[in-house]
Amino acid sequence: MLIVAGTGGVGKTTVSAAIARMGARAGLKVLLVEVEGKSGLAGSFGHAGPLSYRETVLSEDRGGSVRGRTLTPDDALVEYLEQHGMKRISRRLISSGAIEVVATAVPGIKDILVLGKVKALERDSDADVIVLDAPAAGHAITFLSSANGLLDAVRVGPIRAQAEEVVGLLSDAARCQVLLVTLPEETPVNELVETGFALEDRVGVSLAPVVVNGLYPALGGLDVGAATVAADAEVHLRPGEAETLDEAAAFRRTRQELQSEQVARLAEALPLPQLRLPFLFTTDVGPAELDVLADALAASLAEIPGPAAR
Amino acid sequence: MSIRELVSGASIVVCCGSGGVGKTTTAAALAVEAARLGRRACVVTIDPAKRLADALGLESLTNMPGRVEGPWSGELWAVMLDTKSTFDALVTQYADTPAQAERILANRLYRNISGALSGTQEYMAMEKLFELHQAAGVGDAPAYDLIVVDTPPTRNALDFIDAPRRLTKFLDNRLFRLLVMPSRTYLRAVSVATQAFLRTVARVVGAEVVDDAVAFFQSFEGMEQGFRERAQRVLELLADDATVFVLVASPRRDTVEEALYFADRLIEAGIGVDGLVVNRMHPRFGAVTGSAAADRSRAETLASTPLGGLFANLADFRQVAEHEEEHLAELAERVAPAPVARVPFLDHDVHDLDGLGEVAAALMAAADS
């Protein structure tokens, strides 16, 4: 199981989708799970409409596949109660607002139920790997440490047993890793480093390589003045075009430098291998873009010596 | 009305939008600009990045605004919301006796509310807003001309409006309130089925949890009315004409979809969107008459020279700018006639007052176009 985490806005959902796509192309059955009820995951596979509690096939290819589903706390709770012979109670719990009282009194119970269900999926599903698109950074920490927190608050009962099993899964590096995503910008890098250390310390979970998203691809020939080059090549440029070309080139160079600085900072602060994803100069990520990203991930992985994360 | 007019005329600006789009930076920049215009502005932040927090003097965590010195004729104050302290202060204010307040503050269920009950952070942000709005300054004048509120990153657009209702619903929880009654009434009022239900809950999460909940509701007895009235006054403040709502977004498809959703919910609720800020815009290079496609074919024709690379680069930026414009137009149309400000990528992270000044300049510049 791979848990994909990161601050809001870094492209976590896109990266989760790209990882799933990469796995599927390698012949694996991948289950992609989203826990906040947000849309977006399905769209990157070209699938209209939101994901649901039942698995939806998002892509199938050469023996591999990506299936996607949501797993929100309310759904997980209802299923848990049904499985434990408390179906009638589940409706009352929700309509009377008692679940809010219980969830407040036992912090993390909603997250535990989601993680418990993910654990059950890991055990029962025929998927080769589960990719979990986690909540945004701060919440990811509380989400993942909910099991530990719960063990303090609840001494007995099935919920405690559930929490113990979840802790077992999260701390087993062979079964579960957290993959952190960032942009090559100062604040996201700071937050990734903080989150990384917090997860290792408080949750005891093992960290996969980090993904740096949105890197401007290197483009040669940008450090020469357009007017000079045009004169040399005897190409005629329209009025103002040389200036425009130079401005655009300067912008790219500047941003690339900034990004390289941040990539280096990240490497120094958190010595984990880095997987690098290119900025695609688009606002939408669809199946074509997803393939480009999956290629980039695979290429980046191949460069890491030793056994790579699944 | 332009963004500048919004900032100079409003008494409250609420910045809403999904997480990761630059809401906190926008809120702080608007407050800086107001201070420059000579107003006494206070910004309420929720979860600022560490360096920005340092620049605004927020590391002291007092839950009271601190003054930020700078080159402006007005005043800039900043506070980082401490949800728990704000809730504690409310409880202390509305309790009948100090002993009642003590009992609640010590209760385990209460201690978890400020973290666990969804919507509490939003509610306390609005509560803080109310408190600051009521604060008196010199003489009888209000302490602040303008309060800018950052909202927590949330899935639901109207969490900050719904939050008071959700909290009062929680406190009114009928099932548990029955347990607060004297035992004979309780035995009559609570059916066998309900008792069985509670026993099951106790079996699943432990009896202590149910006991904590009962103790909490018992200590809370009598205070819900005070909270409810307060929540009502907060809602009235939000609905006031002098309260302005600014939607913050970035031009990616997913964030635009969330922003459209926010805009629709705000419009439906009769609150509306008074301004739109779109951050992280790529610059538009060259003439509007050009196109990415044209640049790309130039690049191909010229591939054997370095010009090919230069044109390919230009094509890349034109391409992303074209997509961003489409999304911006869609958002602008949805919130029309609200003014729109576009904030470009800056050369560096915004983590100090100079950076905020640059963002503020971009926000105001749009007003003139």
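**Figure 1. Chain A as a whole, with its 12 helices and nine strands.** Helices here are DSSP runs of H or I with at least four residues, strands are runs of E with at least two, and both are numbered from the N terminus. This is a predicted model, in which local features need pLDDT of at least 70 and side-chain atom pairs count only at pLDDT 80 or more, while totals for chains, interfaces and linings use all residues; side-chain values use heavy atoms, with hydrogens and water left out. Residues are numbered from 1 along each chain as its sequence is written, and chains are lettered from A, with ligands numbered from 1, in the order in which they are written. Along its principal axes, the C-alpha trace of chain A spans about 80 × 40 × 40 Å. Of its 310 residues, 55% count as buried, where buried means under 20% relative accessible area, exposed over 50%, and partly exposed in between (1.4 Å probe, protein chains only). Chain A exposes about 12700 Å², and 52% of that comes from carbon and sulfur atoms; the areas are Shrake-Rupley values with a 1.4 Å probe, and for residues only the protein chains shown count as cover. Take the contacts between residues at least 6 apart in sequence: 74% of them in chain A join residues at least 24 apart, a contact being heavy atoms within 4.5 Å. As for charge, chain A carries 28 positive and 41 negative side chains, with the centres of the two sets 11 Å apart. Lys and Arg count as positive and Asp and Glu as negative, leaving out His and the chain ends, and each charge is placed at NZ of Lys, CZ of Arg, CG of Asp or CD of Glu.

Figure 2. A:E234 sits in the loop between α10 (226-233) and α11 (241-269). With a relative accessible area of 75%, A:E234 is exposed. A:F281 belongs to the loop between β9 (274-278) and α12 (287-302).

**Figure 3. Chain B as a whole, with 17 helices and eight strands.** The C-alpha atoms of chain B fill a box of roughly 90 × 55 × 35 Å, taken along the principal axes. There are 369 residues, and 55% of them count as buried. The accessible surface is about 15500 Å², with 52% belonging to carbon and sulfur atoms. Among contacts between residues at least 6 apart in sequence, 76% join residues at least 24 apart. Chain B has 36 positive and 50 negative charges, and their mean positions are 7 Å apart.

**Figure 4. Strand β6 (residues 243-249) of chain B, largely enclosed by the rest of the structure.** Seven of its seven residues are buried, so that is how β6(B) ends up enclosed. In a regular strand the side chains alternate between the two faces of the sheet. Here B:T243, B:F245, B:L247 and B:A249 point one way, while B:V244, B:V246 and B:V248 point the other, and all are buried. Strand β1 (residues 12-16) pairs with β6(B) in the parallel sense over five bridges; strands pair if DSSP finds at least two bridges between them. B:T243 is the bridge partner of B:I12.

**Figure 5. From β6(B) across to β7(B), by way of helix α14 (residues 253-268).** Four bridges join β6(B) to the parallel strand β7 (residues 275-281). B:V246 stands opposite B:G275, and B:V248 stands opposite B:V277. The chain crosses between these strands through α14, and the β-α-β crossover is right-handed: with the strands pointing away from the viewer, the path from the first strand over the helix to the second runs clockwise. β7(B) is mostly covered, with six of its seven residues buried.

**Figure 6. Strand β8 (residues 340-344) of chain B and its residue B:P344.** β8(B) runs parallel to β7(B), joined by four bridges, and B:R342 is the bridge partner of B:V278. B:P344 counts as partly exposed, at 36% relative accessibility. Not counting residues up to four places away in sequence, B:P344 touches B:M281 and B:A362.
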